[in-house]
Amino acid sequence: MPATDDYDTALLWIEALEPQGIEGVVAKPGRSAYRGGESIWQKVRHTEVVDVIVIGYTGASARPRNLAVRLPDGHTALSQHLGAPLANAAAPALIAAGPSPRGHTTTGDRYTSTTAEVEVEVASGTTRPAVVTVLRVRIP
């Protein structure tokens with residue numbers, strides 16, 4: 001397995017490997033041994049920040065736990081758990097729109113559909129399935 005302690009080389013690898021479908025690289029102290037459950041090894045993954053439309057949510061509309069979004073590649077995914085500020089920002093539009101039928105993400109996760117006009121900025125990782133982190137809620 002190739003290894004380097006040069007930061008610029010590591011950045012080149014990350015950029016060069018992304019088109020090949022490699023999710024990222026592992027960063028760790030050079031002499032550290034792998035020990036399950038310890039966090040000194042870090043995965044550095046490719047992420048893309050994009051604006052997407054919210055198509056649903058889990059939990060109550062007044063306090064959504066996750067948002068269901070349609071990604072640029074057409075797949076649908078649930079976001080990671082929303083903290084209180086993001087949940088509170090999305091809630092008024094979700095409440096006003098009212099619930100719609102249940103939907104399913106590309107991987108089969110269930111959510112409540114919505115017609116609310118909510119756009120979110122997300123960081124979408126290249127892991128399979130994609131890890132979607134909501135960064136900002138935008139309501140027109």
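Trp41 counts as partly exposed, with a relative accessibility of 30%. In this predicted model, Trp41 sits in the loop between strand 1 and strand 2 (42–45). Leaving aside residues up to four places away in sequence, Trp41 touches Val26, Ala27, Lys28, Ser32, Ala33 and Tyr34. Sequence and space can be compared here too: Trp41 and Val52 are 11 residues apart in sequence, and their C-alpha atoms lie 31 Å apart.

Ala97 belongs to helix 2, which covers residues 84–97. From Ala97 to Thr114 there are 17 residues in sequence, and 6.7 Å in space from C-alpha to C-alpha. Thr114 is also one of the residues that Ala97 touches, along with Thr115 and Ala116, when residues up to four places away in sequence are not counted. Ala97 is partly exposed, because its relative accessibility is 28% and this class covers values between 20% and 50%.

Charged side chains come next. Side chains of opposite charge can pair when their charged atoms come close. A search of the whole structure finds 3 salt bridges. Which residues do they link into a network? The members are Asp51, Glu121, Arg136 and Arg138, and the pairs can be taken in turn.

Asp51 is paired with Arg138, and the closest N and O atoms of this salt bridge are 2.6 Å apart. Asp51 lies in strand 3 (residues 47–60) and Arg138 in strand 9 (residues 132–138), so this pair ties together parts that are 87 residues apart in sequence.

Arg136 forms a salt bridge with Glu121, with 3.5 Å between the closest N and O atoms. This pair links distant parts of the chain, as Arg136 is in strand 9 and Glu121 in strand 8 (residues 119–125), 15 residues apart. Are these two partners buried or exposed, wholly or partly? Arg136 counts as partly exposed at 43% relative accessibility, whereas Glu121 counts as buried at 13%. The reason for the label on Glu121 is that buried means under 20% relative accessible area.

Glu121 also meets Arg138 in a salt bridge, at 3.0 Å from N to O. Because Glu121 lies in strand 8 and Arg138 in strand 9, the pair ties together parts that are 17 residues apart in sequence.

Glu15, Glu18, Glu48 and Asp73 form a negative surface patch. Among them, Glu18 is placed in the loop between helix 1 (7–17) and strand 1 (24–27). Glu18 counts as partly exposed, with a relative accessibility of 39%.

How values were computed: Residues are numbered from 1 along each chain as its sequence is written. This is a predicted model: local features need pLDDT of at least 70, side-chain atom pairs count only at pLDDT 80 or more; totals for chains, interfaces and linings use all residues. Side-chain values use heavy atoms; hydrogens and water are left out. Patches are made of residues with over 30% relative accessible area and no salt bridge: like charges are joined within 9 Å, nonpolar side chains (Val, Leu, Ile, Met, Phe, Trp, Tyr) within 5 Å. Accessible areas come from the Shrake-Rupley method with a 1.4 Å probe; for residues, only the protein chains shown count as cover. A salt bridge is a side-chain nitrogen of Lys or Arg within 4 Å of a carboxyl oxygen of Asp or Glu. Lys and Arg count as positive and Asp and Glu as negative; His and the chain ends are not counted. The place of a charge is taken as NZ of Lys, CZ of Arg, CG of Asp or CD of Glu. Helices (H or I, at least four residues) and strands (E, at least two) are DSSP runs, numbered from the N terminus. Buried means under 20% relative accessible area, exposed over 50%, partly exposed in between (1.4 Å probe, protein chains only). Contact means heavy atoms within 4.5 Å.
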